[in-house]
Amino acid sequence: MIGYIVAGGALLAALVIVAVDRQKTVRTIKHLDAMLEAAIDGRFTEETYDESRLSALENRLARYLTASTLSARKVQEQKDQISALISDISHQTKTPVANLQLYAQLLAEQSLTPQGTECVQAISAQADKLQILIEALVKTSRLENGILAVHPEPSELAPVVDRASAQYAPRASEKGITLTVTPIEGNAVFDPKWTEEALCNLLDNGVKYTPPGGVVTVAVKNYELFSAIQVRDTGPGIPETEQAKIFGRFYRGAGNYREEGVGIGLYLTRKIAEKQGGYVKVESMPGKGSTFSLFLPRP
């Protein structure tokens, strides 16, 4: 009988130990869950938990989350510093560039020698190029650092295509190029403002490199997962060896140095597409023109 009592007591004690351990495990899991939730919501701080009550695992997780939180704050601080620097650069360069353009215009109104006129025209062109370069660099830097947010939403593609095409119709006409927009149908998930800018870069590229008498065509193709805005030109085409490089920053093809540009438009287009869950690609053959396609996810 005594043996049964002892065995029963031992079993009861074992059950109590198991129950206590189970409660400790449940508390630990709850602590871990609360810590992770706080970290996800950005509320985690080292002082939130009493380390004297933490298990070794909780303690290690607390240290890891503290380090991660500090790292995230440091990254955000760096982004804020970059944002402030970009804003300063943008602000500080606006006035000098505007003054250059103004003085060039004033000089152009004076009686100048033919050589002086050429110099004024060169100053004005370089000032305009500098302004375009600064604006492109500021936009690219802000996109790369997540400072400028892209807000994709389901929208019709036709309005964006029409607005972008209307901007380049006068330039194409002046150069003797036919700019054709096929009937646009379809929608996608995109930010209208940034997508219009990306499309304008493709149109600028097409009009720039298409010779007089050529054709630039804008169309939309709808696929199962993506809709593609296509800009097709009858320009000189791009060698296959360069097609993987043209979307890099400041890259310009070996035969393109006679044309105006800084080599950042296609790079900016690629970044805008990526920010919206899309991509951009080119199909081209020398002597047969090029087709640039901006792929955007469908709703």
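Analyst: Two strands pair if DSSP finds at least two bridges between them; strands (E, at least two residues) and helices (H or I, at least four) are DSSP runs numbered from the N terminus. This is a predicted model, in which local features need pLDDT of at least 70, side-chain atom pairs count only at pLDDT 80 or more, and totals for chains, interfaces and linings use all residues. Residues are numbered from 1 along each chain as its sequence is written, and side-chain values use heavy atoms, without hydrogens and water.

User: What is the order of the strands in the open sheet?

Analyst: The 5 strands follow the order S2-S4-S5-S7-S6, with mixed pairing. S2 (178–181) and S6 each have a single partner strand, so they stand at the edges.

User: What makes S5 and S7 a pair?

Analyst: The definition asks for at least two bridges, and S5 and S7 share 8 in the antiparallel sense, so they pair. Within S7, phenylalanine 292 is the bridge partner of valine 231.

User: Why is phenylalanine 190 called buried?

Analyst: Buried means under 20% relative accessible area (exposed is over 50%, partly exposed in between; 1.4 Å probe, protein chains only). Phenylalanine 190 has 0%, so the residue is buried. Its place is in strand S3 (187–190).

User: Which residues does phenylalanine 190 contact beyond its neighbours within four places in sequence?

Analyst: Contact means heavy atoms within 4.5 Å. The partners include His151, Leu157, Val160 and Leu296.
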